[in-house]
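Me: I've got a model open and I'd like to learn how to read it. Can we go through it feature by feature?

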Amino acid sequence: MSAQTLHHPSARRSGFGPALARHRGILIALAVFAAMFLTVDMITPGPFSYFELSFMSAGGATLALAAMGQTVVVLTGGFDLSAGAVIGLVNVVLGSGMGTDIWSQILFGFVALGIGGAVGAVNGVLIAYLRMQPIVVTLSTMFITQGITLLIMDAPGGAIAPEFMSFFVGDAIPGVLPAPILWVGVAAVAWLLVKSTRFGVGLYAVGGDEEAAKAAGLATASVKFRAYVVAGLFYGAAGAFISAQTGSADPLVGRPMLLQIFAAVALGGTVLGGGRGGAIGSIIGAYTLMMAVNILLVLNVSAYYSSVAEGAIIILAVLAGGVGRHSPLATSIRLGLLKLRARSGGTMAARHPGMPARPTLPKARPVEGGTPAGWLARHRETLRYMVPAWIGFAAVLVATHLVYGNTLTNPGYFNSLIVLSSFLAILALGQGAAILTGGLDLSVPWMIALVGIVVAGLVRGADESVLWAVPLGLALGTGLGAINGVGIVLFGLPPIVMTLAMNGILQGVALVYSGGTPDGFASPAMRWVMTGNLLGATPAVWLVAGFVAAAVVLLGRTTFGRRIYAVGNSPTVARFSGVPVGGTLIGVYALSGFCSALVGILLACFSGQASLGMGDEYLLPSIAVVVVGGALITGGRGHYLGMLGGVLLLMTLSTLLAGTTLPSSVRDIIFGAVVLGAVLALRDRSA
């Protein structure tokens, strides 16, 4: 089978025009890189020196290697959220285990690659052969890997052998060639060799049109599996490099890198949808991003703005890569102009007076004898996916009672359980609605933190400020969520890209707003909501009861709820059926923003103040409860009561584990494993 058959980029039409269009991404990346380099040279005193070359090459090498790995996955149309976690694990293993002798250093160099390849292989098997979604798989392995990392080392420490450090970040040729340039160059050559192989051609074929590649005889599953393994090897190399650069180990060293990795890939001209781009562009993107951050530092701009810049860069880079007459924005503008023209000319189609305002739902299907099907028959499929979470909840309750006693007969336990579950019960609606449409909201952590910080800062312990500060906070979250929706709908940004970038932007905004040290605190009335007593229970219990009732009605009994399911099942069919797909998606992400804002406020009420990063621990659980509750991660299937069952199951499990001597990092491992197990057990096997 030829490269032409598999639609390799080199197999396309020849000529200057097509070639220019084909390489537009990397040409833009080179132009931006040159502009950044000239800017750095102008604002830095003195001529560009070897020291500056060495410093810059070392500063961007880790990100360049990690971005190359991510590029391999993205070319197939996938995403790998475990990249930063793998880098952190490699760093900790090397820092805690490497000896000073040369053989130990060589061994741990291969161990670094082995760790990356092993995590990549796990991702590859689950995604390629078990056909699980890349986002949920790699998010779960990210948390599992982070948990393992913290089990090995829960605080910075360890040491890297000086010879190992010099080998990677020293001089390859003293005064002429820094070692980082050599090793990034070796990685670039390795990529070019891989790109020219059948596997490299397959990467582009799978990302361009997987079904066509499969029809042409390509083993697409094998290509995707190997893509994740190769990506893991690059992450392992990045982990080894950052270990050499820092000289020690830090279990959280890879956590802030995820946004940077995607930004570098997007800046390098790789399309975050697959089929176009390359790892060479990602190297350029990594160094461009590093120089952009350095420019901010040289100009004495607060480091708090760096995540804002990274988030904005990834959005702008993806938009630049998708500019064209067929882009979602161009299509939206054309449709808007057509509607405006039709409305002004009086030719706008209108509903016939005799037509119903909305489609009439079919009545229950008759069974034998002509009688309507019973409730159980009509809801059998929903119950099939919803009930396991409730059965699991009951089983964990019984186990808790057997271990600790006085659980099932203790009202105080259930009161505390509901109060602690309130945060996830609220997030389940917003995240669940996004998942039901086939999307995902990764901006939850810093949406929670920002709104909590803003509201607590405005209230500052004064009850009279609550009446206007809380609605303002809810409006802020709703508006920011709507911006996520606008980016997804009008600009065609993938939900994972838009919400990940938004999360980074919100992190920077929260840091700038608070100056790095939030100083607001909740008022007595706010504290009462989470710690007081109303009719024999904490007021939050009644709040949760009302919220659950409203959520069930919203998703199951309203037009908006029906539209969510329609979009999740098929956006195209929904659009042809008259469903406003764009408006529905914007509403869904606005709802998710509202729910995140409400959780941020309640967390401030619960702890008495807001803190930076207080939403970090809710990202995976917010997805886990939806998936464990029976929702299909690709959208179109799920029920809020099932999600509520997932909330109670995970919270009772957390409560059970809290009474043991197991480290808190075990929770991340268990949650990640639970999500993988639930997706595997409840996935749609007909897909």
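Me: Let's start with one residue. In which helix is Ser307 found?

Reply: First, some ground rules. This is a predicted model, where local features need pLDDT of at least 70, side-chain atom pairs count only at pLDDT 80 or more, and totals for chains, interfaces and linings use all residues. Residues are numbered from 1 along each chain as its sequence is written, and side-chain values use heavy atoms, with hydrogens and water left out. Helices (H or I, at least four residues) and strands (E, at least two) are DSSP runs, numbered from the N terminus. Ser307 sits in helix α14, residues 306–321.

Me: Is Ser307 buried or exposed?

Reply: Buried means under 20% relative accessible area, exposed means over 50%, and partly exposed is in between (1.4 Å probe, protein chains only). With a relative accessible area of 8%, Ser307 is buried.

Me: Which backbone atoms does the Ser307 side chain reach?

Reply: Look for polar contacts: pairs of N or O atoms within 3.5 Å, where, within protein, one must be able to donate a hydrogen and the other to accept it, and residues adjacent in sequence count only if both atoms are side-chain atoms. The Ser307 side chain reaches the backbone oxygen of Gly504 at 3.0 Å and the backbone nitrogen of Gly508 at 3.1 Å. For plain contact, the rule is heavy atoms within 4.5 Å. Leaving aside neighbours within four places in sequence, Ser307 is in contact with Leu259, Gly504, Ile505, Gln507 and Gly508.

Me: Zooming out, how many helices and strands does the chain have?

Reply: There are 29 helices and two strands. Of the chain's 687 residues, 50% count as buried. Among contacts between residues at least 6 apart in sequence, 78% join residues at least 24 apart.

Me: Why is helix α9 largely enclosed?

Reply: Count the buried residues in the helix. In α9 (residues 198–208), nine of the eleven are buried, so the rest of the structure largely encloses this helix. Among them are Phe199, Leu203 and Tyr204. The cover over the buried residues of α9 includes α3 (50–75), α8 (179–195), α10 (210–215) and α11 (220–246).

Me: Tyr204 brings me to Gly277. Which residues does Gly277 touch?

Reply: Not counting residues up to four places away in sequence, Gly277 touches Leu75, Tyr204, Gly269 and Thr270. Gly277 lies in the loop between α12 (257–267) and α13 (279–298), and is partly exposed, with a relative accessible area of 24%. The C-alpha atoms of Gly277 and Val265 are separated by 8.9 Å, with the two residues twelve apart along the chain.

Me: How many salt bridges does the count come to?

Reply: Side chains of opposite charge can pair when their charged atoms come close. The rule for a salt bridge is a side-chain nitrogen of Lys or Arg within 4 Å of a carboxyl oxygen of Asp or Glu. By that rule, the count comes to two. In one of them, the side chains of Glu210 and Lys224 meet at 3.1 Å, N to O. This pair links distant parts of the chain, with Glu210 in helix α10 and Lys224 in helix α11, 14 residues apart. Glu210 is partly exposed at 25% relative accessible area, whereas Lys224 is buried at 14%.

Me: And which residue forms a salt bridge with Arg460?

Reply: That's Asp519, with the closest N and O atoms 3.2 Å apart. Here too the pair links distant parts of the chain, 59 residues apart: Asp519 is in the loop between α21 (495–514) and α22 (524–531), and Arg460 is in the loop between α19 (444–459) and α20 (466–490). Arg460 is partly exposed, with a relative accessible area of 42%.

Me: How many residues does the largest nonpolar core have?

Reply: A nonpolar core is a set of buried Ala, Val, Leu, Ile, Met, Phe, Trp, Tyr and Cys residues joined through side-chain atoms within 4.5 Å. The largest one has 190 residues, and those with the most contacts inside it are Leu94, Phe164, Ile314, Ile623 and Tyr640. Helix α18 (residues 411–436) supplies the largest share of this core, 14 residues. Ile314, leaving aside neighbours within four places in sequence, is in contact with Leu259, Phe262, Ala263, Ala266, Val497 and Ala501.
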